[in-house]
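This report is meant for a reader who meets this structure for the first time. Please look over the sequence and the model below before reading on.

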Amino acid sequence: MQWQNVWLTLGLLLAILLIREGWNSGKDIFSIFGIIVSAVVVISYLIKLALSQKHGKLSRKMQYRLTIAGLCQDFTTIFSAVYISILFGAKNYYWLFVIILIASFIKRPLLKTLREYLPFDDFTIQSWGIVLGLVITLFRPTYFAGIFLIRIFYSLQNTDTLDLIRDHVDTNIYMINYRFRTAGGFLTQLILWGGLLLFNGPHIFEQIFNYHINKSVMNSSQPLFLTHLILVLFIISFTIYTLKLNKGNKNE
């Protein structure tokens, strides 16, 4: 047990309790402080991860490749939970699990087929597959198709990255994978909750947590769309930068 991890855990617990209290009491100030505390925790975690010496000889581009999985994972789960509940009704959330199940079965055959027709390496195909999926999610009728593509390609990319670094680090690769996926997930959620708070105000939490099963609860979808757009642009930018880094200096 390390004290840094204890403080990070207590910080997350405090953030959750503050947001919960804001929800129960109807006092927006508690929710605002909860978001601020969670932002501090996320930034602290990212700094701790950047300064850590536990990654062995893991290159920067490999660290970024692992982080992409965390960004996409929380986009396809946490963001989707909010998006589907608000725009489709929470009853339709089960479709996400159907998509994840199907994606797990066809991802390798799909990549094999794409290799035959596209003159690119696997990482390039996977990166542009993620980008395409993110763009498609911006259109409501094709949202689930976009999530399907993201799920397929980030999963493939993460598995291939772990295979690449297996012989180049001194510690457990699954713990390293967990750290960077957590960092990516934290970034996604920071943008998600921060964006909703910025564009719609603290009462957005009451709207989300008190959703109806079959219908939308937000009077206007604009705050959600703006947050969605920022998330998509951020993950696309991060993915393309990592792709360019991967094509550059092999020592980076």
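Predicted model: local features only at pLDDT ≥ 70, side-chain atom pairs only at ≥ 80, totals over all residues.

The buried residues of helix H5 are Phe123, Thr124, Ile125, Gln126, Ser127, Gly129, Ile130, Val131, Gly133, Leu134 and Thr137.

**Helix H5 and its surroundings**

Helix H5 covers residues 122-137, and its 16 residues reach 23 Å from the first C-alpha to the last, which is close to the 22 Å expected at 1.5 Å a residue. Its buried residues pack against H3, H4, helix H6 (143-165) and helix H9 (222-247). At the N-terminal end, H5 is capped by aspartate 121, which has a side-chain oxygen 3.0 Å from the backbone nitrogen of phenylalanine 123.

**The protein as a whole**

The protein has nine helices and zero strands, so that read from the N terminus on its elements run α-α-α-α-α-α-α-α-α. Of its 252 residues, 47% are buried. Among the contacts between residues at least 6 apart in sequence, 76% join residues that are at least 24 apart. The accessible surface comes to about 13300 Å², and carbon and sulfur atoms account for 65% of this area.

**Salt bridges**

How many salt bridges does the protein contain? The count comes to three, and the table lists each pair with the distance between its nitrogen and oxygen atoms.

| Arginine 108 | Aspartate 160 | 3.2 Å |

Arginine 108 counts as partly exposed at 36% relative accessibility, whereas aspartate 160, with a relative accessible area of 16%, is buried, because the limit for a buried residue is set at under 20%.

Lysine 247 lies in helix H9 while aspartate 121 is in the loop between H4 and H5, so the pair ties together parts that are 126 residues apart in sequence. Lysine 247 is partly exposed at 47% relative accessibility, and aspartate 121 is partly exposed as well, with a relative accessible area of 34%.

**Helix H4 and the surface**

Helix H4 spans residues 94-117 and includes leucine 101. Leucine 101 belongs to a nonpolar patch on the surface, formed together with Tyr94, Trp95, Phe97, Val98, Ile102, Phe105 and Ile106, and the accessible area of these residues together is about 800 Å². An α-helix has 3.6 residues a turn, so residues three or four places apart point the same way.

Lysine 112 is also found in helix H4. Is lysine 112 buried or exposed? It counts as exposed, at 53% relative accessibility, because the limit for an exposed residue is set at over 50%. The C-alpha atoms of lysine 112 and aspartate 122, which are ten residues apart along the chain, are separated by 9.4 Å.

**Two buried threonines**

Threonine 67 lies in helix H3, which covers residues 60-87, and it is buried, with a relative accessible area of 7%. When its neighbours within four places in sequence are left aside, threonine 67 is in contact with Phe180, Gly184 and Phe238.

Threonine 161 has its place in helix H6 and is buried, with a relative accessible area of 0%. Which residues does threonine 161 contact, leaving aside its neighbours within four places in sequence? Its contacts are Met62, Arg65 and Leu66.

Methods:
Residues numbered from 1 in each chain as written. Heavy atoms only, no water. Patch = residues over 30% accessible without salt bridge, like charges linked within 9 Å, V, L, I, M, F, W, Y side chains within 5 Å. Areas by Shrake-Rupley, 256 points an atom, 1.4 Å probe, with all protein chains shown as cover. Salt bridge = Lys/Arg side-chain N within 4 Å of Asp/Glu carboxyl O. Helix = DSSP H or I, 4+ residues; strand = E, 2+ residues; numbered from the N terminus. Buried < 20%, exposed > 50% of the residue type's maximum accessible area, 1.4 Å probe, protein only. Contact = heavy atoms within 4.5 Å. Expected span 1.5 Å × (residues − 1). Polar contact = N/O pair within 3.5 Å; in protein donor to acceptor, adjacent residues only side chain to side chain.
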